[in-house]
Amino acid sequence: MPQTRKLLIVEDEAAMLTALSEKFKKENLSVFTAVNGEEGFNAALREKPDLILLDLVMPKMDGMSMMKKLREDKWGHDAKAIFLTNMNDASLVAEAAKVGVYDFLVKTDWRLEDVVRVVQEKLAGIPEEEE
Amino acid sequence: MRRFSDQIMTKPDQKDNNHSTSTSREKKIARKQFSRRYFFGTKLSDKILLIVIFFATAILAFLYFFVTVNPQEFLIFSYISYSLSFAAAYFFGRHFSRQVTNLTLKIEEIAAGNLNKKLIVRGQDEISQLTNALNDLITRLQTNIALDVSLNREIDQAKTDFVALASHQLRTPLAIVKWYVDFLLNGDAGPLTDEQKKFLSQVYFSNERLIELVNALLDVSRIDLGTFSIEPEPVDLIKLADEAAGLFATEMEKKSIRLEKYFSPLPIINLDSRLMKIVLQNLISNATKYTGEKGIIRVIVKPVEDKAMIIVADNGCGIPKEQQPMIFTKLFRADNVKAIESIGTGLGLYIAKAVIEQSGGKIWFESPNLHFFVEKQRAGKNPAAGGGSGTTFYITIPLRGMIKKIGPKKLTSFSQK
């Protein structure tokens with residue numbers, strides 16, 4: 001029996017956060033949420049999720065800064081993440097690759113089930129941690 | 001002639017004199033104005049006339065003295081009269097030419113861009129009138145250019161603001177609507193009746209239209225601001241064209257449109273596949289929208305000399321002759337297509353043209369076209385099954401590939417379709 005995978009969603013738009021967390025709860029994931037980079041960073045270190053789904057533009061700390069900060073941590077150094085954003089600037093994609101995030105989803109381009117599919121695929125590729 | 005060149009040589013000095021409002025210069029001007037008023041009328045034509053009269057008088061006097069006065073007196077008088085007339089002609093001639101030369105030099109300076117300069121008006125002669133008129137012209141130019149510059153700056157700023165607004169503030173709610181509709185449609189919030197599903201699909205469809213519009217507007221801003229990138233990589237153009245046409249298969253089937261594809265072997269070309277997709281989808285989407293029931297759409301890809309040529313031809317409604325020059329203009333939609341289909345941003349062809357031309361290619365069209373001439377003949381009584389004279393769009397891209405363009409943004413419209 002595989003243990004429940006942990007997903008952390010960091011998103012400042014309440015409506016979007018609800019849609020995502022409800023959807024992933026139905027997918028039998030253990031979902032944690034945070035509304036900005038700072039909260040997300042703390043939640044990530046506390047919960048050590050299998051995957052982080054995070055927005056780029058957020059108050060207090062943006063997604064990119066959060067990932068940079070997380071990369072300095074021993075656990076966070078190898079944390080898996082997917083950026084979920086409204087922007088698809090070439091420079092941002094390059095910067096995301098620099099912090100080791102290669103999935104960059106533009107929200108309006110993706111249907112909810114496709115986001116789920118990407119997350120599931122990503123999770124399937126991550127070995128389960130030995131407790 | 002010599003004097004004229006002297007004037008040109010001393011141009012810098014004159015400029016300096018113009019800038020310094022020295023009292024000696026003002027005095028000189030006053031003296032000149034006084035002398036002109038004292039001696040002659042105000043019109044240049046008067047002056048010329050007076051000079052001629054002066055000459056005539058001198059000749060008459062010469063004749064008079066030639067007959068009656070002794071040679072010595074005659075010589076003295078003629079010497080004096082010639083000297084005077086010469087001096088007068090010299091003075092006025094020089095004065096006149098200097099005025100004209102000065103004016104010319106100043107106008108040249110203004111034409112070069114120094115619009116802050118005002119021409120100095122002296123007296124009321126024709127040259128002064130001309131100077132006055134020129135001053136008016138300069139003032140008008142100044143205000144218009146000032147308006148243009150500040151307006152352009154405002155427009156650029158508005159565009160930048162718009163991009164920022166559109167990319168976040170417009171897209172976020174659009175994404176939220178999209179995902180919640182998905183959520184409901186998937187039955188995640190409970191089972192739906194067929195009618196509810198149908199209505200929600202309408203919401204989804206309208207929302208997709210809005211997303212498409214926002215993406216297209218963003219692309220236009222990126223094109224106008226020059227911030228979009230062209231990233232060529234080896235691409236199979238035929239595959240790209242085939243895929244683009246395939247996206248519209250369902251729509252074409254609905255209208256029983258026949259899709260004909262003619263692909264001639266092409267080498268792999270360095271293209272920005274994202275941009276190429278935008279262009280191809282734009283053209284094929286237009287052809288699908290504006291071709292009637294049982295029409296024909298032809299997609300041709302072939303090498304022509306050192307270029308790859310893409311042809312998208314249809315026998316649809318065509319483009320009205322008088323509106324053809326406007327067809328690549330931003331937000332423009334021809335009257336006949338507006339009547340056929342209310343959905344359309346008028347941005348597609350503008351984006352297509354910008355993309356193709358900035359990557360080193362060419363795009364043009366022909367309407368009515370000759371592509372379906374034979375079919376029209378065969379159809380006989382019922383010419384042009386598509387219903388119109390048709391349109392053909394041509395694109396050529398050098399086989400050596402698209403020109404690379406570095407930019408921080410990517411174009412997004414149609415990209416995920």
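A:Glu95 counts as partly exposed, at 27% relative accessibility (buried means under 20% relative accessible area, exposed over 50%, partly exposed in between, with a 1.4 Å probe and protein chains only). A:Glu95 forms a salt bridge with A:Lys68, with 3.1 Å between the closest N and O atoms; a salt bridge is a side-chain nitrogen of Lys or Arg within 4 Å of a carboxyl oxygen of Asp or Glu. This is a predicted model, in which local features need pLDDT of at least 70 and side-chain atom pairs count only at pLDDT 80 or more, while totals for chains, interfaces and linings use all residues. Residues are numbered from 1 along each chain as its sequence is written, chains are lettered from A and ligands numbered from 1 in the order in which they are written, and side-chain values use heavy atoms, with hydrogens and water left out.

**Salt bridges within the chains**

- Over all chains, the count comes to 19 salt bridges by this rule.
- Helices (H or I, at least four residues) and strands (E, at least two) are DSSP runs, numbered from the N terminus.
- A:Lys68 is partly exposed, at 40% relative accessibility.
- In chain B, the side chains of B:Asp224 and B:Lys330 meet in a salt bridge (2.7 Å, N to O).
- B:Asp224 lies in helix 7 of chain B and B:Lys330 in the loop between strand 5 (307-314) and helix 11 (335-340), so this pair ties together parts 106 residues apart in sequence.
- B:Asp224 is partly exposed, with a relative accessible area of 23%, and B:Lys330 is partly exposed as well, with 32%.
- B:Lys239 and B:Glu243 form a salt bridge (3.8 Å, N to O); both lie in helix 8 (residues 237-246) of chain B, 4 residues apart, about one turn of the helix.
- A:Glu11, A:Asp55 and A:Lys107 are joined into one network by salt bridges that share partners.

**Interface of chains A and B**

- The contact takes 26 residues from chain A and 28 residues from chain B, where contact means heavy atoms within 4.5 Å.
- About 2400 Å² is buried between the two chains, and carbon and sulfur atoms give 55% of this area. Buried area is the accessible area (1.4 Å probe) that two parts lose on being put together, summed over both.
- Across this interface the rule finds 2 salt bridges, one of which pairs A:Arg111 with B:Asp182 (2.6 Å, N to O).
- On the side of chain B that touches chain A, helix 6 (126-185) and helix 7 (194-225) each supply at least two residues.
- Helix 6 of chain B gives the most to that side, with 13 residues.

**Fold of chain A**

- Chain A has 5 helices and 5 strands, which follow the pattern β-α-β-α-β-α-β-α-β-α along the sequence.
- Of the 131 residues in chain A, 53% are buried.

**Confidence**

- The model scores ipTM 0.82 and pTM 0.61.
- Chain B averages a pLDDT of 79, and 79% of its residues score at least 70; pLDDT is the predictor's confidence in each residue, from 0 to 100.
- In chain B, pLDDT stays under 50 over residues 1-22 and over residues 380-385.
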